[in-house]
Amino acid sequence: MAKVLRNGRFLRPSGHNPKDAQFSDCLVLEEASGNILHVGSDSDGAVQSAISSGAQVLDMENRVIIPGFIDSHMHLLLTGETLNKLDISGCDTLEEIRTAIRTYAKEHPDLDRISCCNWFQTSTNGEAFASQLDDLDPRPIYISAYDMHSRWCNTAALNELQVADLEDPPGGTIHRDGTGKPSGLLSESAALTIVDPFLSKQLSLTQKMDFIDDAIKAYIASGYTGLIDMAMDEVTWGIILDYRKRCGGRLPVWLATHWFVLPQKTPEENLALVDKAIEMKKQYNETTSPDCRITGIKVMCDGVVDACTASLMEPYSHNGGNEPAVWTVEELVPILKKADDAGLQIAIHAIGDAAIRVAIDSLERVGNPAGRHRIEHLETCSPDDVARLGKLGITASVQPVHSDPSILQAWPKLLGPKRCEHVFPYNGFAEHGATVAIGTDAPTASHLVFPNLYTATTRRSGRKPELEKQTAPKFALSLAAAMAAATQGAAYSCFADSRVGRLEEGKVANLAVIDMVWDPTKLLEAKVVETWYQGRKIFG
Ligand SMILES: [Zn+2]
């Protein structure tokens, strides 16, 4: 049976980097296949014949209807975990953090550990010592930085992690005091390979599946119908598959993932991780498992600006320090080539302009623009490199919420004012022909779609809307371009564009129904009122 959705404003597919959006007022879908049969106007023959054959007709009340949002870069399990942690993003000082933790600890006597998230290093002037937390509660306390690149621990946590005698893992630091004792902070791969696996072991499978369920429900309520997980490993993949079983064999929304290739001790071990990804993709791909598949690999090329671990061409302005990229082009190319030869997509985390150059040079050497390889974040791309992405067929995978001016307070000091004029150059990538795909990088930022689109289009803060500051405003995307990047661009970024991402005949009827004014400055007031997946309403 068909359904006719009329009196809506259905977003039409757009060309590259559109300045304006176009809408149709009517959509016909087929329930059995879950596909769109027609998009057009009420008077079209296809609409009239659907109605005369008894199709149900729904009044969409003049709402904006777009293809279901796709988060181009997110972390599913961690997002679910974070939804269950104490969020300290509202704390501006150490004292506020301490008060929040003390209150939360009192209210949660049943927890074995106190877990907090969204710590802004600037709120504690970059300091993170166990001693600042030790008197708050005897239980282990773990605080994740908002960028997820560091964990701040109290002494009870350091003790249970047993890090005192551990060496720093490659690409990570267990910060220590003058006597060599761990002082409370674990950064980069020390956070990822020591703290996270330890904490993960403390949770039951049911708890982890519940986290995934919490994350997916939150996404659906925000209008998303597709997710791209950017750091998959065997353990997490196993949990997702178990969760899928619990859901009756199909995920509630589709998921594509990139297998995480963390730097190993030898080139052979790195290549072995790529082999693993290739093997996983053979099993879980578009044909065998379209709702839950491996699409490529993910490699890290540097860290983040706020922790001064992003790799820059010119040193950091405040202290003259710098960090080399994780890989040289020579080291990286064999890894990428192996993945590309096997038909895997490549996603490279690169934030500093030097790391971005390594990423682009490496993908240029791989030389396969049709592979839809992508660079993640691209925060401080050098003006000379902006035009190269489009030419090389590289997708610009960006998270506008990371360009929110309220979280970039330290940047003028760290990078100097001149470099700050050329950060997050989204419109530059688009104007030079690159496909832009928008994501949130949840849980490093909220998964919510409208603060993300608001900052993409106004370059102002969605967290603190009263702040008038803009981040390099010349690089703002039009609202039409931002919406396209969050739907059709995101679908393109993982080879899902033949099925989803556009409202047109033959595509799957995944829809977000939005109560909104089509105006960038009004985006923070927009609300998702319904989400449809495969022709059925799953939210609202
Ligand atoms: Zn990420």
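Me: What makes a contact of helix 9 with helix 10, and which residues meet there?
Reply: On the helix 9 side they are Val-329, Leu-332, Val-333, Leu-336, Lys-337 and Asp-340, and these meet Val-358, Asp-361, Ser-362, Leu-363, Arg-365 and Val-366 in helix 10. The test is that C-beta atoms, placed from the backbone, lie within 7 Å. By class, this contact has seven nonpolar, one polar and four charged residues (nonpolar covers Ala, Val, Leu, Ile, Met, Phe, Trp, Tyr, Cys and Pro; charged covers Asp, Glu, Lys and Arg; the others, Gly among them, are polar). Please keep in mind that this is a predicted model: local features need pLDDT of at least 70, side-chain atom pairs count only at pLDDT 80 or more, and totals for chains, interfaces and linings use all residues. Residues are numbered from 1 along each chain as its sequence is written.

Me: Why are helix 9 and helix 10 called oblique?
Reply: Their axes come within 9 Å and cross at roughly 50 degrees (axes are lines fitted to C-alpha atoms, for helices over the stretch in contact, with angles from 0 to 180 degrees between N-to-C directions). Under 35 degrees counts as roughly parallel, over 145 as roughly antiparallel, 65 to 115 as roughly perpendicular, and the rest as oblique. Helix 9 and helix 10 are therefore oblique to each other.

Me: Why does the pair of helix 8 and helix 9 get the name roughly parallel?
Reply: Helix 8 (residues 267-283) and helix 9 (residues 329-341) have axes that cross at roughly 20 degrees and come within 10 Å. By the cut-offs, helix 8 and helix 9 are therefore roughly parallel. The contact is made by Pro-267, Asn-270, Leu-271, Val-274 and Ala-277 of helix 8, with Pro-334, Ile-335, Lys-338 and Ala-339 of helix 9. Its residues divide into seven nonpolar, one polar and one charged.

Me: What makes strand 6 and strand 19 edge strands?
Reply: Eight strands form an open sheet with parallel pairing, in the order 6-13-14-15-16-17-18-19 (strands pair if DSSP finds at least two bridges between them; strands are E runs of at least two residues and helices H or I runs of at least four, numbered from the N terminus). Strand 6 (69-74) and strand 19 (436-438) each have a single partner strand, so one side of each is left without a neighbour in the sheet.

Me: How do you know that strand 6 pairs with strand 13?
Reply: Four bridges join strand 6 to strand 13 (residues 224-232), and Phe-69 stands opposite Tyr-224.

Conventions:
Two residues are in contact if their C-beta atoms, placed from the backbone, lie within 7 Å.
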